[in-house]
Structures are given as structure tokens and as C-alpha cells.
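Hi,

Here is the structure I said I would pass on.

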Amino acid sequence: MNYILDKSWSDILKDRFSHEYKVELFGWLEHEYATKTIFPPKEKIFNALNLVPPQKVKVVIIGQDPYHVPGQADGLAFSCHNGTQQPSLRNIFKEISNEFNIPLPTKTDLTTWAEQGVLLLNTSLTVIEHLAASHSNELWHTFTTEIVKILNELNQPIVFMLWGNHAKSFLPLLNNPNHLVLTSAHPSPMSVKGFLGNGHFVKANNFLVAHNLPPIDWRC
């Protein structure tokens with residue numbers, strides 16, 4: 001199986017993991033894709049990283065795992081390939097609409113965010129069809145934790161948006177004063193009251209502008 005990973009990321013990551021870990025991770029992935037229906041498609045596993053090389057990261061949004069329904073997962077956290085507006089994404093759009101006084105965004109493919117430097121990183125990069133969190137394991141957690149550590153080490157200003165307790169678990173890794181860390185409840189319907197009104201998108205743009213970086217156009 002050919003796992004495509006942007007060279008700038010692979011160069012940074014090549015010495016961060018043991019040979020044994022890489023053999024175990026990719027051997028497990030090959031077995032899972034060969035024996036089950038796994039999302040996203042294998043060529044999209046590292047889509048979030050491939051669209052945003054480390055030197056271009058301006059905002060990081062951390063999700064949990066890909067959508068587990070056919071046709072939705074595209075390798076970007078909260079993004080939906082087939083146009084289905086999942087409840088959490090709908091609430092994210094409500095917050096953007098309120099903050100910028102614009103119509104509700106409707107395009108559920110968030111590639112345009114990634115192209116502007118928004119890293120939409122799920123903690124687990126794969127999932128079994130119809131089984132949420134089925135690939136939430138130490139193999140993926142080790143990988144994505146290392147990604148967060150690398151981002152924390154970068155000197156360029158980065159905004160981290162940590163929504164919900166799962167994303168907040170990465171807080172101890174984020175100690176670089178060059179970065180802005182924003183936290184709130186998760187945008188899922190169960191906790192949305194603590195998410196709406198957090199002002200994260202305006203705060204992120206203000207931070208970027210203050211550091212002479214272009215703001216993100218959050219419209220889709």
C-alpha cells in the first residue's frame with residue numbers, strides 16, 4: 001500500500017518514530033484496509049498534512065476521528081466530502097456566521113480552509129465503517145501527539161483551537177509563547193451552548209493580523 005505524505009512532513013517525522021512503530025502502524029493499516037471497510041480512502045489518510053505543510057500552518061483545529069458513514073470522510077477534521085452538514089459542522093458554521101455577520105456557510109468540504117493554512121487534524125486518522133472511534137488507539141494517538149509536539153516547536157505564530165475535553169487533552173503539550181491557544185466546549189449538539197459565542201474565529205484572525213499574517217477567510 002502506498003501511503004502518500006508530503007515531503008516536508010515526512011522529512012520532519014522520519015526520525016521521530018522508531019522503525020518498530022512504523023512497521024506496526026503501517027502493517028496494522030494494511031490489514032485493516034484489506035479486511036474491513038475503512039474511511040477515509042487510503043489515499044486521503046494524510047490529507048490534512050498534505051494540504052498544509054508545516055511551514056504554512058497558521059491555525060490548528062483538532063477533531064477526534066473521521067466520519068464513519070460512506071462518502072463523507074475526506075481526511076480533514078469536521079470536513080464532509082459529500083455535502084452532508086453534520087451537526088458539529090453546522091454549529092461551527094453558526095458561530096462563524098454570528099462572529100462575522102455573514103450568511104451561514106454551506107460548502108461542507110473544508111479544503112479552502114486547509115489551502116489557507118488551517119490544519120484540520122483528527123487524533124485518529126482512520127475509522128471502521130459505522131463504528132465511531134473504532135481506530136482510536138495508541139498507534140494513532142502516538143502519531144498525532146508527535147504532530148502537535150512538532151507544531152508547538154515551530155516559531156511561526158500558530159492558533160490552536162481546542163474544542164471539548166478530547167482536544168483539550170493536548171494542552172500540556174502547548175507551551176510555546178509564540179502561539180495562541182483557544183479552548184471551549186465542543187460544537188456537538190450535546191455541548192454547543194459552551195461553544196457558541198466563543199469568538200474563536202475572530203480571535204484567530206486578529207492574532208494572525210497582529211503578526212502580519214493574512215487572516216483566514218472562513219466562508220466556504
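E115 sits in helix α5, residues 111-115 (helices are DSSP runs of H or I with at least four residues, strands are runs of E with at least two, and both are numbered from the N terminus). At 59% relative accessibility, E115 counts as exposed; the scale here is buried under 20% relative accessible area, exposed over 50% and partly exposed in between, with a 1.4 Å probe and protein chains only. Between the C-alpha atoms of E115 and Y3 there are 21 Å, and the two residues are 112 apart along the chain.

Before the rest, a word on provenance: this is a predicted model, so local features need pLDDT of at least 70 and side-chain atom pairs count only at pLDDT 80 or more, while totals for chains, interfaces and linings use all residues. Residues are numbered from 1 along each chain as its sequence is written, and side-chain values use heavy atoms, with hydrogens and water left out.

Now the pockets. A pocket is found on a 1 Å grid over the protein atoms alone, as an open set of points where a 1.4 Å probe fits, with protein on both sides within 12 Å along at least five of seven lines; lining residues have an atom within 4 Å of a point. Grid points are joined across faces, edges and corners, and a volume is the space filled by probe spheres set on the points.

The largest pocket comes out at about 440 Å³. It has 21 lining residues, with D65, P66, Y67, F78 and S88 nearest its centre. By class, that lining splits into 9 nonpolar, 10 polar and 2 charged (nonpolar is Ala, Val, Leu, Ile, Met, Phe, Trp, Tyr, Cys and Pro; charged is Asp, Glu, Lys and Arg; the others, Gly among them, are polar).

With a relative accessible area of 11%, F78 is buried.

Q72 is in the loop between β2 (59-63) and α4 too, and at 6% relative accessibility Q72 is buried. Leaving out neighbours within four places in sequence, Q72 is in contact (heavy atoms within 4.5 Å) with Y67, S79, C80, H81, N82, T84 and Q86.

The second largest pocket has a volume of about 170 Å³. Its lining includes Y3, L5, F46 and F143, and α2 contributes the most, with 4 residues. Here the classes are 9 nonpolar, 1 polar and 2 charged.

On to helix packing: how are α4 and α8 arranged? Helix α4 (87-100) packs on helix α8 (200-210) at an angle of about 60°, with the axes 8 Å apart. Axes are lines fitted to C-alpha atoms, for helices over the stretch in contact, and angles run from 0 to 180 degrees between N-to-C directions. The pair is therefore oblique: under 35 degrees is roughly parallel, over 145 roughly antiparallel, 65 to 115 roughly perpendicular, and the rest oblique. I92, E95, I96, E99 and F100 of α4 meet H200, F201, V202 and N205 of α8.

Two backbone details to finish. The F39 to P40 peptide bond is cis, with omega near -5°, and P40 is in the loop between β1 (38-39) and α3 (47-51). A133 has a positive phi near 65°, and at 43% relative accessibility A133 is partly exposed.

Cheers
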